[in-house]
Amino acid sequence: TDFDSKKKRKVAEIYQALNSDPIDVAALRRMAISEGGLLTDEIRCKVWPKLLSVNTDDLPPLPAGKELREDNKDYQQVLLDVRRSLRRFPPGMPDDQREGLQEELIDIILHVLKRNPQLHYYQGYHDIVVTFLLVVGDRLATALVEKLSTHHLRDFMDPTMDNTKHILNYLMPIIDQVNPEVHDFMQSAEVGTIFALSWLITWFGHVLSDFRHVVRLYDFFLACHPLMPIYFAAVIVLYREQEVLDCECDMASVHHLLSQIPQDLPYETLISRAGDLFVQFPPSELAREAAQQQAERTAASTFKDFELASVQQRPDTVLRQRFRERLRGEERTKSILTKPRTNRFVKLAVMGLTVALGAAALAVVKSALEWAPKFELQIFP
């Protein structure tokens, strides 16, 4: 069939990129993003390390579990989370096999935390680790998860939630750019962004029941900028536009609707859309909007916003309220009045550009240069 021949062609292209000297990482990124992702776990074992620039020839041996578990401050919490993670294992897996994997899961997590004392465990981290364990096995999973934890997941592993909240704050500006109506409805409902927290910090591993969909998304996220999961979250909300607008406009109803993620999403379309949005509205532009609002505030009012935001868990609402008060309270300078809101009302008609052009792969590498101070560049070979 047509699909099979397309698949065969893609497999051949992936192996060609793997076997070229030097390895064609840009091509591998494009393959991971484009339709179907990396297709098989066997290919993922070869390509995921390349996307994270992990050297598979030189994997350190894993320490014995016993010495990791003694006097480890996170052990009890990790144990609880891993015991609760039954549904993350394939249905029908024999109990003893699953229990063996759960022990490996605990060891991988404790090993990474022990080697990187600056990282703090969070609930949901094990949802990411188990995905790697099931696809690539314990030794390789340990190396990949360690790299990921010091790069893509770094902000979630801080002692506080501040940076995670900061990343969640990108959600509403993305929605605003594409569909102001949905954005304003969500603002009126004061729903905030907490509904997307578990999506973001587990890379959707916790909320999607079909493992195939989870690894397809991991192909995409591993090939992309660390903020891509928040673009994907925005795309899911936008895809559900009608349901959202038909909902009662109050916090509880909208939160309930959005936090129940549909399992039959058109993943390939949404991945392609998320890539397009990333190219159209790169994080640097959205960050500038946030920074511009920030710059217009004094430290004192900002601190008050911060306190309010922490109490209400809805930083975006608070900032917007303050900003509106300021707008009403004083004449804006001409430059801000004339600031063009170019794409605000443009519905994105041209979807799927990304897959055709591999544009996201390029944008990803370029914009990594602009991303947060903590994000180090060596992840992009």
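**View A. N179 in the loop between α10 and α11.** N179 sits in the loop that links α10 (171–178) to α11. Helices here are DSSP runs of H or I with at least four residues, strands are runs of E with at least two, and both are numbered from the N terminus. The model is predicted: local features need pLDDT of at least 70, side-chain atom pairs count only at pLDDT 80 or more, and totals for chains, interfaces and linings use all residues. Residues are numbered from 1 along each chain as its sequence is written, and side-chain values use heavy atoms, with hydrogens and water left out. N179 is buried, because its relative accessible area is 4%. Buried means under 20% relative accessible area, exposed means over 50%, and partly exposed lies in between (1.4 Å probe, protein chains only). The N179 side chain reaches the backbone nitrogen of V182 at 3.1 Å. Polar contacts are pairs of N or O atoms within 3.5 Å; within protein, one atom must be able to donate a hydrogen and the other to accept it, and residues adjacent in sequence count only if both atoms are side-chain atoms.

**View B. Helices α10 and α11.** Helix α10 is largely enclosed by the rest of the structure, because seven of its eight residues are buried. Those are L171, M172, I174, I175, D176, Q177 and V178. Helix α11 (residues 180–189) is mostly covered, with seven of its ten residues buried. P180, V182, H183, F185, M186, Q187 and A189 make up that buried set. Just after α11, E190 takes a positive phi of about 55°.

View C. An unreviewed UniProt entry places the feature "transmembrane region" at residues 191–208, 220–239 and 345–365. UniProt positions follow the numbering used here, feature names are shortened, and annotations may be inferred rather than shown by experiment. Residues 191–208 are 28% helix and 0% strand, with the end C-alpha atoms 22 Å apart. Residues 220–239 are 75% helix and 0% strand, and their end C-alpha atoms lie 18 Å apart. I201 belongs to helix α12 (residues 197–201). I201 is buried, with a relative accessible area of 11%. Its C-alpha atom is 8.4 Å from that of I128, 73 residues away along the chain. W203 lies in the loop between α12 and α13. W203 has a positive phi of about 50° although it is not a glycine. At 1% relative accessibility, W203 counts as buried. G205 is in the loop between α12 and α13. G205 is buried too, at a relative accessible area of 0%. G205 and V215 are ten residues apart in sequence and 8.5 Å apart in space, C-alpha to C-alpha.

**View D. The second largest pocket.** This pocket holds about 510 Å³ of space. On a 1 Å grid over the protein atoms alone, a pocket is an open set of points with protein on both sides within 12 Å along at least five of seven lines, a cavity is a set where a 1.4 Å probe fits but cannot get out, and lining residues have an atom within 4 Å of a point. Grid points are joined across faces, edges and corners, and a volume is the space filled by probe spheres set on the points. The second largest pocket has 18 lining residues, of which F3, K10, E35, G36 and L39 lie nearest its centre. Elements giving two or more residues to this lining are α1 (2–19), α13 (211–222) and α17 (267–280). The largest share, six residues, comes from α1. The lining has five nonpolar, three polar and ten charged residues. Nonpolar covers Ala, Val, Leu, Ile, Met, Phe, Trp, Tyr, Cys and Pro; charged covers Asp, Glu, Lys and Arg; the others, Gly among them, are polar. Domain 1 (1–152) and domain 2 (159–280) each give at least three residues to the lining. The domain bounds come from an automatic or database domain assignment.

**View E. The largest cavity.** The count comes to two cavities of 30 Å³ or more. The largest cavity has a volume of about 60 Å³. Ten residues line the largest cavity, with H152, F156, I167, P226 and L227 nearest its centre. By class, this lining has eight nonpolar, one polar and one charged.

**View F. T150 in helix α8.** T150 is in helix α8 (residues 138–150). T150 is buried, with a relative accessible area of 18%. Its side chain reaches the backbone oxygen of K147 at 3.0 Å. The T150 side chain also makes a polar contact with the side chain of H151 (3.2 Å).
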